Amino acid sequence: MEWNSILDLTALIVGLVYLLLEYRASIYVWIAGIIMPAVDLFLYWDAGLYGDFGLAVYYLLASIYGFIAWKFWKKESTTEEMPITRFPLRLLLPVTVVFLVVWGIVWAFLQYWTNSTVPVTDSLTNALSIIGMWMLARKYVEQWIVWIVADAIYVWLYAYKGLPFKASLYTFYIIIAFFGIRAWKQKMNAQKQ
């Protein structure tokens, strides 16, 4: 088995653990969130997915942020953990602007300073993932919708780049995301009681 295939398979296994922990809204999702991008750094560089390489660095940092947020930012005036909530509509415009700016900057970088063969798609998935990861760290139910869109694009991108295990993982992510929305809504409603 080639080194790239070993990395791809390792990322698949850690990714499945990550997904299970995310589905359960477990704080340990962030430990898997540190391991998976560490593996992905090597995988993406070798595949020429430079946008995803940069995103893996972001994931490492965002996982540290997510762990701190979930561990230490408590529900006001209690010792309960951060609750699952809905995405506030007042944030829609600023988040959309951030998404578009990130997409444009990453696209320009990949287009003009790398040999990327997929700069538009790679930068699009990067921008969606940055928003999705931030929404996950804030425990917004709607983060699952962002991941469904991003993951559908990732399936095509990874299949196109010859990373079948990653493409399979992201296909599975899409399926689980639909269940994740339901599970998180139920947990959110249970918190209110």
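1. A residue is called buried when its relative accessible area is under 20%. Please keep that cut-off in mind for K139 in this predicted model: its relative accessibility is 1%, so K139 counts as buried. The residue sits in the loop between α5 and α6.

2. The axes of α1 and α2 are 9 Å apart, and the helices pack at an angle of about 155°. That angle is over 145 degrees, so α1 is roughly antiparallel to α2. Their crossing is left-handed.

3. Now for the residues in that contact. From α1 come N4, L7, D8, T10, A11, V14, G15, Y18, L21 and E22, and these meet V29, A32, G33, I35, M36, V39, D40, F42, L43 and D46 of α2. Sorted by class, the contact of α1 with α2 has 12 nonpolar, 4 polar and 4 charged residues.

4. Next, have a look at α3 and α6. Their axes come within 15 Å and cross at roughly 140°, which makes α3 oblique to α6. This crossing, too, is left-handed. On the α3 side the contact uses D52, L55 and Y59, while α6 brings W147, Y154, L157 and Y158. By class, these residues divide into 6 nonpolar, no polar and 1 charged.

5. The largest nonpolar core has 65 residues, and the members touching the most others are Y18, L49, W70, M133, Y154, Y158 and W184. Two or more residues each come from α1 (3–23), α2 (29–47), α3 (50–72), α4 (92–113), α5 (119–137), α6 (143–160) and α7 (164–191). The largest share is that of α7, with 10 residues.

6. Leaving aside residues up to four places away in sequence, M133 touches Y18, W30, Y58, Y59, A62, S63 and W147. Several of these have already come up: Y18 is part of the contact of α1 with α2, and both Y59 and W147 belong to the contact of α3 with α6.

Conventions: Residues are numbered from 1 along each chain as its sequence is written. This is a predicted model: local features need pLDDT of at least 70, side-chain atom pairs count only at pLDDT 80 or more; totals for chains, interfaces and linings use all residues. Side-chain values use heavy atoms; hydrogens and water are left out. A nonpolar core is a set of buried Ala, Val, Leu, Ile, Met, Phe, Trp, Tyr and Cys residues joined through side-chain atoms within 4.5 Å. Buried means under 20% relative accessible area, exposed over 50%, partly exposed in between (1.4 Å probe, protein chains only). Helices (H or I, at least four residues) and strands (E, at least two) are DSSP runs, numbered from the N terminus. Contact means heavy atoms within 4.5 Å. Axes are lines fitted to C-alpha atoms, for helices over the stretch in contact, and angles run from 0 to 180 degrees between N-to-C directions. Angles under 35 degrees count as roughly parallel, over 145 as roughly antiparallel, 65 to 115 as roughly perpendicular and the rest as oblique. A crossing is left-handed if the near helix is turned anticlockwise from the far one by less than a right angle, and right-handed if clockwise. Ala, Val, Leu, Ile, Met, Phe, Trp, Tyr, Cys and Pro count as nonpolar, Asp, Glu, Lys and Arg as charged, and the others, Gly among them, as polar.
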